[in-house]
Amino acid sequence: MNIRRFVGRLLAGSMLLLAAGILPAGAARADSIIYDGISVFSGQQSFTQSFNLAGPGTLTFSLSNIPWLDTVANLSGFLSTASGEIGSTIGAGTESINVGPGTYYAHWFGDAQGTYNLGVVGLKINFQPGTAVPLPTPLVLMLSGLGLLFGWQRRKTPALTKRSDLTTC
């Protein structure tokens, strides 16, 4: 094997290993959008949305008044379970609550007052699981990639065959 080629590969591999060792390893958290929609209020109305959570995490409840025709006055919302209200009642804004697995209910209500007696409210509910999904370290990923790269590389061997042992009679 050519020594220059070997040293070049060794140097490139060492630099990649050093770079991979410097990169941080962490964890990923996958957010889920439980509900993202709008409600059209005609006069005084209330709405409820139920959903199930499989594990513990943080639930974020965002309520917003959308300016269309009339504004919704006395806009409020809260989260509850079968045993009662959790967190606090909020107006237009955001609240985050740590929750466990189970069935939850989102409630929002208000009064569209004005010329048309119609208003629009937006509600978004996000869930971020409490357990992080560990990411593999960059070093392990890089080593496996380099192993595949060098494993697939074909080794060229010279096909020299001597015919000196063959003699003609």
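Trainee: Which residues form one aromatic cluster here?

Mentor: In this predicted model, the aromatic cluster is made up of Tyr35, Phe41, Phe47 and Trp108. A search of the whole structure finds 5 aromatic pairs, and one of them joins the rings of Phe47 and Trp108.

Trainee: Why is the pair of Phe47 and Trp108 called stacked?

Mentor: A pair of aromatic rings is described by the distance of the centres and the angle of the planes. The centres of the Phe47 and Trp108 rings are 5.8 Å apart, and rings pair if their centres lie within 6.5 Å. Their planes stand at 20 degrees, and planes under 30 degrees apart count as stacked, so the pair is stacked.

Trainee: What makes this a link between distant parts of the chain?

Mentor: Phe47 belongs to strand S3, residues 44–53, whereas Trp108 belongs to strand S8, and the two residues are 61 residues apart.

Trainee: How do you know whether Trp108 is buried or exposed?

Mentor: Trp108 has a relative accessibility of 2%, and buried means under 20%, so Trp108 counts as buried. For Phe47 the relative accessible area is 23%, a value that falls between the limit of 20% for buried and that of 50% for exposed, so Phe47 is partly exposed.

Trainee: What kind of aromatic pair do Phe78 and Phe109 form, and what makes it so?

Mentor: The ring centres of Phe78 and Phe109 are 6.3 Å apart, with 70 degrees between the planes. Phe78 lies in strand S5 and Phe109 in strand S8, so the pair ties together parts that are 31 residues apart in sequence. Phe109 has a relative accessible area of 30%, so this residue is partly exposed.

Trainee: Why is S5 described as largely enclosed by the rest of the structure?

Mentor: Of the 10 residues of S5, 8 are buried, each with a relative accessible area under 20%, so the strand is largely enclosed. For the chain as a whole, which has 169 residues, buried residues make up 26%.

Trainee: What makes the nonpolar surface patch?

Mentor: Val40, Trp68, Leu69 and Tyr116 make a nonpolar surface patch of about 430 Å². A patch residue needs over 30% relative accessible area, and Leu69, at 44%, counts as partly exposed. Leu69 is found in the loop between strand S4 (57–66) and S5.

Trainee: Why are S2 and S7 said to stand at the edges?

Mentor: The open sheet has 4 strands in the order S2-S9-S4-S7, with antiparallel pairing. Strand S2 (32–42) and strand S7 (93–99) each have a single partner strand, so one side of each is left without a neighbour in the sheet. On average, neighbouring strands of this sheet are turned by 15 degrees against each other, direction ignored.

Trainee: How many bridges join S2 to S9?

Mentor: S2 and strand S9, residues 118–129, run antiparallel and are joined by 10 bridges. In this pairing Asp36 stands opposite Lys124 in S9.

Trainee: What pattern does the chain follow along the sequence?

Mentor: The chain has 2 helices and 10 strands, and read along the sequence the pattern is α-β-β-β-β-β-β-β-β-β-β-α.

Technical notes. Residues are numbered from 1 along each chain as its sequence is written. This is a predicted model: local features need pLDDT of at least 70, side-chain atom pairs count only at pLDDT 80 or more; totals for chains, interfaces and linings use all residues. Side-chain values use heavy atoms; hydrogens and water are left out. Two strands pair if DSSP finds at least two bridges between them. Axes are lines fitted to C-alpha atoms, for helices over the stretch in contact, and angles run from 0 to 180 degrees between N-to-C directions. Patches are made of residues with over 30% relative accessible area and no salt bridge: like charges are joined within 9 Å, nonpolar side chains (Val, Leu, Ile, Met, Phe, Trp, Tyr) within 5 Å. Accessible areas come from the Shrake-Rupley method with a 1.4 Å probe; for residues, only the protein chains shown count as cover. A salt bridge is a side-chain nitrogen of Lys or Arg within 4 Å of a carboxyl oxygen of Asp or Glu. Buried means under 20% relative accessible area, exposed over 50%, partly exposed in between (1.4 Å probe, protein chains only). Rings of Phe, Tyr and Trp (its six-membered ring) pair if their centres lie within 6.5 Å; planes under 30 degrees apart count as stacked, over 60 as edge-to-face and the rest as tilted.
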